[in-house]
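Please keep the sequence and the model in view while reading.

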Amino acid sequence: MIFAANFKTNHTRNSTKRYLDTLSEKIAAKKSEEKVYIFPPATALGHYQGDFTLGVQNAYPAQNGAFTGEIGLEQLEEFAIRTILIGHSERRELLGESQEKVAEKFAFFKAEGFEIIYCIGEPLEVRQAGDEAVSAYLLAQFEGIDTAYEKLIVAYEPIWAIGTGRSATTEEIASTHQTLRKTVSSPLLYGGSANPDNIQEIAAIENVDGVLVGSASLDAEKFASMIFGAKC
Ligand code: PGA
């Protein structure tokens, strides 16, 4: 089972360090098949010790260059970062990242051999239009993406469930993951209001190989309790 923490625009360099110290202590006894990923803000990237993988929430698909406000491969290499989140709905919706741009990032970081957590997810109106509409919407988000890439992890995150406290139902997750399983053989994560109260139920769903957690990951003890609470 994979447990990935997406801090988004939360935590500082100092608080990330404290967080990782606490988390490392808490997860010292976790099973080795439970893999932990932490995606702090770019200012908190660093060299940390512990049984987790540090990744970046976003980066520009270039070694370096004139891309104001962005970081590229050179900045990631300084911290030996080899894992990236691509396609998060907040970047697609709030930052206007097109499928074309997302696919360009994917191709660049794939060529660099990065592990990629690739996010897809539908808005509420698509979910309300039914399963077929959801499938078509999600499959379109694989356009230009090599779904056979061996270092790919897919995260299904319905937009209406992100940060709302309203997770998708067990049935919705099960049927969507079953559909996705026909297209990708990579690990499949669920994301959207996953928390210590619903982790056990989510972890037990077929074709759910892990979770991508926002709000409930911000507190190290709470996140650690999810890792131990999944009981998978
Ligand atoms: P949430 O965010 O857990 O706060 O819903 C999940 C995500 O956006 O990755």
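The model is predicted. Across the whole structure, a search finds 11 salt bridges.

**Aspartate 51 and lysine 30**
- A salt bridge joins the side chains of aspartate 51 and lysine 30, at 2.9 Å from N to O.
- This pair links distant parts of the chain, 21 residues apart. Aspartate 51 belongs to the loop between strand 2 (35–39) and strand 3 (53–54), whereas lysine 30 belongs to the loop between helix 1 (13–26) and strand 2.
- Aspartate 51 has a relative accessible area of 49% and is partly exposed.
- Lysine 30, with a relative accessible area of 9%, is buried, because buried means under 20%.

**Arginine 181 and aspartate 209**
- In the salt bridge between arginine 181 and aspartate 209, the closest N and O atoms are 3.0 Å apart.
- Arginine 181 is in helix 7 (residues 170–181) and aspartate 209 is in the loop between helix 8 (199–203) and strand 8 (210–213), so the pair ties together parts 28 residues apart in sequence.
- Both partners are partly exposed: arginine 181 has a relative accessible area of 26%, and aspartate 209 has a relative accessibility of 27%.

**Glutamate 97 and its network**
- Glutamate 97 and arginine 91 form a salt bridge whose closest N and O atoms are 2.6 Å apart.
- Glutamate 97 counts as buried, at 9% relative accessibility.
- A network of salt bridges links Arg91, Glu97 and Lys105.

Conventions
Residues are numbered from 1 along each chain as its sequence is written. This is a predicted model: local features need pLDDT of at least 70, side-chain atom pairs count only at pLDDT 80 or more; totals for chains, interfaces and linings use all residues. Side-chain values use heavy atoms; hydrogens and water are left out. A salt bridge is a side-chain nitrogen of Lys or Arg within 4 Å of a carboxyl oxygen of Asp or Glu. Helices (H or I, at least four residues) and strands (E, at least two) are DSSP runs, numbered from the N terminus. Buried means under 20% relative accessible area, exposed over 50%, partly exposed in between (1.4 Å probe, protein chains only).
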